Amino acid sequence: MRIAAKSDFYRDRYFSSCAPYRFVELNFLHLLGRAPQDQREVSEHIIRCVAEGYDAEIDSYIDSDEYQNAFGENTMPLS
């Protein structure tokens with residue numbers, strides 16, 4: 001999943017052509033299989049993306065306990 005989310009296609013389609021809020025919302029849907037729970041969660045991810053960059057933003061979902069507990073290394077969300 002990490003490779004797909006860091007691909008040029010994903011970056012062009014969902015990062016470069018979307019507002020930051022929408023990019024984060026789509027990351028939650030694509031990478032965790034759920035919508036953001038609240039504005040705080042969205043804000044944290046926007047701040048991370050600006051401060052640490054695109055790769056750190058993608059890694060934050062896949063490296064999270066939530067992702068690892070739900071999907072592990074060999075499964076991905078089907079949203």
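Me: Rings of Phe, Tyr and Trp (its six-membered ring) pair if their centres lie within 6.5 Å, and planes under 30 degrees apart count as stacked, over 60 as edge-to-face and the rest as tilted. With that settled, which residues form one aromatic cluster?

Reply: This is a predicted model, where local features need pLDDT of at least 70, side-chain atom pairs count only at pLDDT 80 or more, and totals for chains, interfaces and linings use all residues. Numbering runs from 1 along each chain as its sequence is written, and side-chain values use heavy atoms, leaving out hydrogens and water. One aromatic cluster is formed by Phe15, Phe23 and Tyr54.

Me: Is Tyr54 buried or exposed?

Reply: Buried means under 20% relative accessible area, exposed over 50%, and partly exposed in between (1.4 Å probe, protein chains only). Phe15, at 28%, counts as partly exposed. Tyr54 has a relative accessible area of 5%, so this residue is buried.

Me: Why is the pair of Phe28 and Tyr61 edge-to-face?

Reply: Phe28 counts as buried at 1% relative accessibility, and Tyr61 counts as buried at 1% too. Their ring centres are 5.2 Å apart, and the pair is edge-to-face because the planes stand at 90°.

Me: How many of the nine residues of helix α5 are buried?

Reply: The buried residues of α5 include Ala56, Ile58 and Tyr61. They pack against α1 (2-5), α2, α3, α4 (39-52) and α6 (65-71), contact meaning heavy atoms within 4.5 Å. Helix α5 (residues 54-62) is largely enclosed by the rest of the structure, because its buried residues number eight.

Me: At roughly what angle do the axes of helix α2 and helix α3 cross?

Reply: Two packed helices are described by the angle and the distance between their axes. Axes are lines fitted to C-alpha atoms, for helices over the stretch in contact, with angles from 0 to 180 degrees between N-to-C directions. The axes of α2 (residues 8-16) and α3 (residues 20-32) come within 9 Å, crossing at roughly 130°.

Conventions:
Helices (H or I, at least four residues) and strands (E, at least two) are DSSP runs, numbered from the N terminus.
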